[in-house]
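I opened the model to look up two things and kept notes as I went. The entries follow in the order I made them.

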There are 2 protein chains.
Amino acid sequence: MRDLDDTDLRILELLAEDARRPFAAIGETVGLSGPAVSDRVSRLEDAGVIRQFTVDIDRSTLRGGVPVLVEATVPADQVESVRETVAAAEAVEHVFTAADGTLTVFARAPENRVRSWVTELFGDDATDLDVTLVDDVRWTPNVGGGEFALECAECGNTVTAEGTSTRLGGDAYHFCCSSCEARFVDRYERLEEGA
Amino acid sequence: MRDLDDTDLRILELLAEDARRPFAAIGETVGLSGPAVSDRVSRLEDAGVIRQFTVDIDRSTLRGGVPVLVEATVPADQVESVRETVAAAEAVEHVFTAADGTLTVFARAPENRVRSWVTELFGDDATDLDVTLVDDVRWTPNVGGGEFALECAECGNTVTAEGTSTRLGGDAYHFCCSSCEARFVDRYERLEEGA
DNA sequence: CCTGAAAGAATTACGCG
DNA sequence: CGCGTAATTCTTTCAGG
């Protein structure tokens with residue numbers, strides 16, 4: 001597909017704000033006709049940029065279960081399968097997979113059996129589970145500009161989603177590539193030995 | 001406002017799946033007319049249950065910055081003000097406030113200055129900051145637990161969004177599938193004839 | 001909450017640069 | 001190939017019961 005341009009981004013922004021805004025109105029603010037906007041939105045859907053049109057629901061008004069954040073550590077080779085299983089579970093709303101394989105899950109657990117529900121959810125796969133009760137949830141759908149990045153702890157380059165991360169002595173470190181990670185870990189370990 | 005009923009919840013479910021589904025189509029599966037669904041949706045918006053209509057965007061396709069999870073500890077008396085500030089910031093998508101006051105924030109932070117961006121975001125308010133690179137994000141908009149699950153009037157199974165509804169003698173009946181509906185309607189009509 | 005009519009928006013068809 | 005205009009179709013909103 002053709003690359004996204006600035007107009008696509010503005011359309012996404014406007015839709016994120018109000019997905020039911022008429023295409024013609026969107027077109028007016030971005031300088032296109034209604035059908036042209038419609039075409040672009042279809043393309044954005046086909047390309048998978050727009051996953052779906054949906055509603056942001058204030059779940060606190062539905063009193064539907066205990067909101068919890070779960071931090072789970074799972075063996076590296078099971079991260080993907082566990083992530084899929086968990087994401088598919090009823091009551092699970094968000095799954096964030098950290099580069100180091102840690103899963104952060106937001107869900108609404110059944111009343112009175114939060115602990116057992118979480119334990120069942122992960123089965124024997126999790127080596128560590130941390131459950132926190134959540135008090136408030138905010139969602140701000142935004143497209144987000146274009147200029148962001150972490151610095152590689154080794155070489156200072158920009159870390160993209162293809163980068164790597166690791167935990168050393170309780171802290172997380174990010175790298176632009178595995179060789180930077182290897183060099184850094186190597187030096188870290190020698191420092192540890194020396195100390 | 002009048003309390004939410006099962007029909008409202010099913011409408012929310014259907015909208016969460018696809019917010020552009022026509023009201024008439026929603027009405028067909030929940031056993032209402034288009035205008036009736038429209039009325040309910042308006043009420044749900046007024047009541048604040050529906051915060052907004054929006055799009056779920058796959059931000060990984062936008063290459064728009066590095067996704068990070070920030071865990072922040074802030075003094076108890078500042079949790080609310082910090083939460084508001086953070087939620088309002090550009091690039092912040094989610095803010096989860098734990099019952100113990102810990103904030104978990106998902107954001108896409110500015111290029112080449114993630115660390116400083118995060119530090120600035122919280123200013124002097126945070127006593128502890130933990131930043132982790134995120135590799136994958138899943139969102140499953142769902143209305144919430146099985147507590148509101150409807151039972152199929154014919155077989156007792158859980159009625160999902162794929163189920164059907166119909167009105168018989170002024171009452172609404174829900175079914176897990178069309179064959180259950182057919183059987184139920186059939187029996188209902190024979191009872192009516194007999195009476 | 002329903003039905004039916006009017007207003008409004010999305011999609012399609014087709015011509016242009 | 002993307003865009004614009006105009007016709008068609010579909011959806012939402014409005015009136016009345």
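Which helices each supply at least two residues of the surface near DNA strand D? I noted first that this is a predicted model. The helices are α3 (34–46) of chain A, and α2 (23–30) and α3 (34–46) of chain B. I found that α3(A) gives the most to this surface, with four residues.

I found 13 residues around DNA strand D, and the closest are A:Ser33, A:Arg40, B:Pro22, B:Phe23 and B:Ser38.

I then looked up polar contacts to phosphate oxygens of DNA strand D. A:Ser33 places a backbone N or O atom 2.8 Å from one. For A:Arg40, an N or O atom of the side chain is 2.7 Å from a phosphate oxygen. For B:Phe23, I found a polar backbone atom at 2.7 Å from a phosphate oxygen.

Last entry: helix α1 of chain B. I read residues 6–17 for this helix, 12 in number, with 17 Å from first to last C-alpha, close to the expected 16 Å. At its start, a side-chain oxygen of B:Asp5 comes to within 3.1 Å of the backbone nitrogen of B:Thr7. I counted nine of the 12 residues of α1(B) as buried, so the helix is largely enclosed by the rest of the structure. Among them are B:Leu9, B:Ile11, B:Leu12 and B:Ala16, and also the charged B:Asp8 and B:Arg10.

Conventions
Residues numbered from 1 in each chain as written. Chains lettered and ligands numbered in written order. Predicted model: local features only at pLDDT ≥ 70, side-chain atom pairs only at ≥ 80, totals over all residues. Heavy atoms only, no water. Near = heavy atom within 4 Å. Polar contact = N/O pair within 3.5 Å; in protein donor to acceptor, adjacent residues only side chain to side chain. Expected span 1.5 Å × (residues − 1). Buried < 20%, exposed > 50% of the residue type's maximum accessible area, 1.4 Å probe, protein only.
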